[in-house]
Each structure stands twice: as C-alpha cells, then as structure tokens.
Amino acid sequence: MWSAVLLFTFAAVPVPMVQGTAQEAFTENFRVTAPGNPDARTVAKLCEAWRTHLRATWCPKPEVLVWTTKCDIVVHATKSSYAAAVGRGAERTAGSSLIDFKDKQVSLRRIDLLAEGGRGLAALPHEMTHV
C-alpha cells in the first residue's frame with residue numbers, strides 16, 4: 001500500500017534504472033536487501049524518488065550527482081532481525097539511519113527498516129532525510 005501511494009506521489013520523477021530481484025536490487029545510489037515483501041526493486045525506486053525530491057527541496061540548484069558511496073537499505077522481516085542490526089532502542093522505532101565519515105568523506109550510508117507488523121516503508125521518508 002505504502003509503495004503504491006509513494007509511487008503515485010512521485011509519478012513525475014524519472015524512473016531510475018533498477019537491477020536485481022525481489023530480494024536484492026541496485027540503483028546508481030542504493031543497494032537494497034529485502035525479504036521479498038516489499039519487493040527490493042520497488043524499495044529501490046522509492047529511495048531514488050525520495051532522494052530526487054529531497055535534493056530538489058533542499059538544494060537551490062540540485063545537480064544530478066551520483067553518490068560515491070551507495071546507501072545500503074536493509075528491510076527486516078522481523079523485530080529480532082531489526083533489533084540485532086540497529087541495537088539498543090530498536091523496540092521504539094521502525095527505521096534507523098547511519099552515516100559514517102572517513103577523511104571528511106562519507107564512507108558509509110545505511111538505512112534499516114522494519115517491515116513486520118504492517119509498518120512497511122512508513123519510516124523511509126524520515127530516514128532518507130538523514131542520509
């Protein structure tokens with residue numbers, strides 16, 4: 001449901017090139033791992049659409065730049081998998097983002113999302129603002 005609403009919202013955004021399967025998909029800027037529901041390819045398209053939207057909103061002259069460090073998106077099917085990846089405090093969230101720097105350059109971008117319990121991709125827009 002969320003993906004249909006978000007895809008409709010970003011209908012004017014160019015559709016990015018997505019490669020992969022329902023469990024693992026890739027775009028220029030994202031590497032998505034998902035249990036298959038939601039489909040990793042759909043999540044990858046949503047991530048690119050949100051990235052485009054956020055750049056247009058926050059950057060006066062948004063350039064089309066490919067990130068040198070792809071963002072890993074991991075969709076967890078269970079609370080235990082999500083908690084193991086995110087750590088302390090995971091029980092209060094449905095999404096978590098992590099960015100790391102090395103020598104003043106982004107060396108890691110990662111978003112973990114909890115799909116269990118009907119939460120689906122509800123946390124994706126918020127987490128995208130951080131990476």
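# A tour of the predicted model

The protein has four helices and six strands, taken as DSSP runs numbered from the N terminus, with helices being H or I of at least four residues and strands E of at least two. This is a predicted model, in which local features need pLDDT of at least 70 and side-chain atom pairs count only at pLDDT 80 or more, while totals for chains, interfaces and linings use all residues. Residues are numbered from 1 along each chain as its sequence is written, and side-chain values use heavy atoms, with hydrogens and water left out.

**The whole chain**

Colour the cartoon from the N terminus on, and the elements run α-β-β-β-α-β-α-β-β-α. Of the 131 residues, 39% count as buried; buried is under 20% relative accessible area, exposed is over 50%, and partly exposed is in between, with a 1.4 Å probe and protein chains only. Contact here means heavy atoms within 4.5 Å. Among the contacts with a separation of 6 or more, 56% are between residues 24 or more positions apart.

**The core**

Next select Phe30, Ile73, Leu113, Leu124 and Met128. These touch the most other members of the largest nonpolar core, which has 25 residues. Such a core is a set of buried Ala, Val, Leu, Ile, Met, Phe, Trp, Tyr and Cys residues joined through side-chain atoms within 4.5 Å. At least two core residues come from each of β3 (30-33), α2 (40-58), β4 (71-76), β6 (105-114) and α4 (124-128). Helix α2 supplies the largest share, seven residues.

Centre the view on Phe30. Leaving aside neighbours within four places in sequence, Phe30 is in contact with Ala25, Cys47, Glu48, Arg51, Trp67, Lys70, Cys71, Ile73 and Met128.

Keep Cys47 and Cys71 on screen, both being contacts of Phe30. The disulfide count is zero, where a disulfide is a pair of cysteine sulfur atoms within 2.5 Å. For Cys71, the closest cysteine sulfur is that of Cys47 at 6.8 Å, so the pair is too far apart for a bond. Cys47 counts as buried because its relative accessibility is 0%. Cys71 also has 0% relative accessibility and therefore counts as buried.

**The second largest pocket**

Select Arg51, Leu54, Arg55, Trp58, Cys59, Trp67, Met128, Thr129 and Val131, the lining of the second largest pocket. On a 1 Å grid over the protein atoms alone, a pocket is an open set of points with protein on both sides within 12 Å along at least five of seven lines, and lining residues have an atom within 4 Å of a point. The volume of this pocket is about 160 Å³, meaning the space filled by probe spheres set on the points, which are joined across faces, edges and corners. Four of the lining residues come from α2, which gives the most. By class, the lining has six nonpolar, one polar and two charged residues. Ala, Val, Leu, Ile, Met, Phe, Trp, Tyr, Cys and Pro count as nonpolar, Asp, Glu, Lys and Arg as charged, and the others, Gly among them, as polar. Arg51, Trp67 and Met128 in this lining are also among the contacts of Phe30.

Go to Phe26 in strand β2 (residues 24-26). Phe26 counts as partly exposed because its relative accessibility is 29%. Not counting residues up to four places away in sequence, Phe26 touches Met17, Val18, Gln19, Arg31 and Lys70. Phe26 and Lys70 are 44 residues apart in sequence, with a C-alpha to C-alpha distance of 9.3 Å.

Move to Val86 in helix α3 (residues 79-86). Val86 has a relative accessible area of 24%, so it is partly exposed. With residues up to four places away in sequence left out, Val86 touches Ser96 and Asp112. The C-alpha atom of Val86 is 9.5 Å from that of Leu113, 27 residues apart along the chain.

**Backbone stops**

Most residues other than glycine have a negative phi, and most peptide bonds are trans. Show the backbone at Asn37 and Pro38, which are joined by a cis peptide bond with omega of about 10 degrees. Pro38 is in the loop between β3 and α2.

Finish at the loop between β5 (95-102) and β6, where Asp103 lies. Phi of Asp103 is positive, near 55 degrees, and Asp103 is exposed, with a relative accessible area of 69%. Lys104 is in the loop between β5 and β6, and has a positive phi of about 65 degrees although it is not a glycine. Lys104 is exposed, with a relative accessible area of 80%.

Conventions
On a 1 Å grid over the protein atoms alone, a cavity is a set of points where a 1.4 Å probe fits but cannot get out, and a pocket is an open set with protein on both sides within 12 Å along at least five of seven lines; lining residues have an atom within 4 Å of a point.
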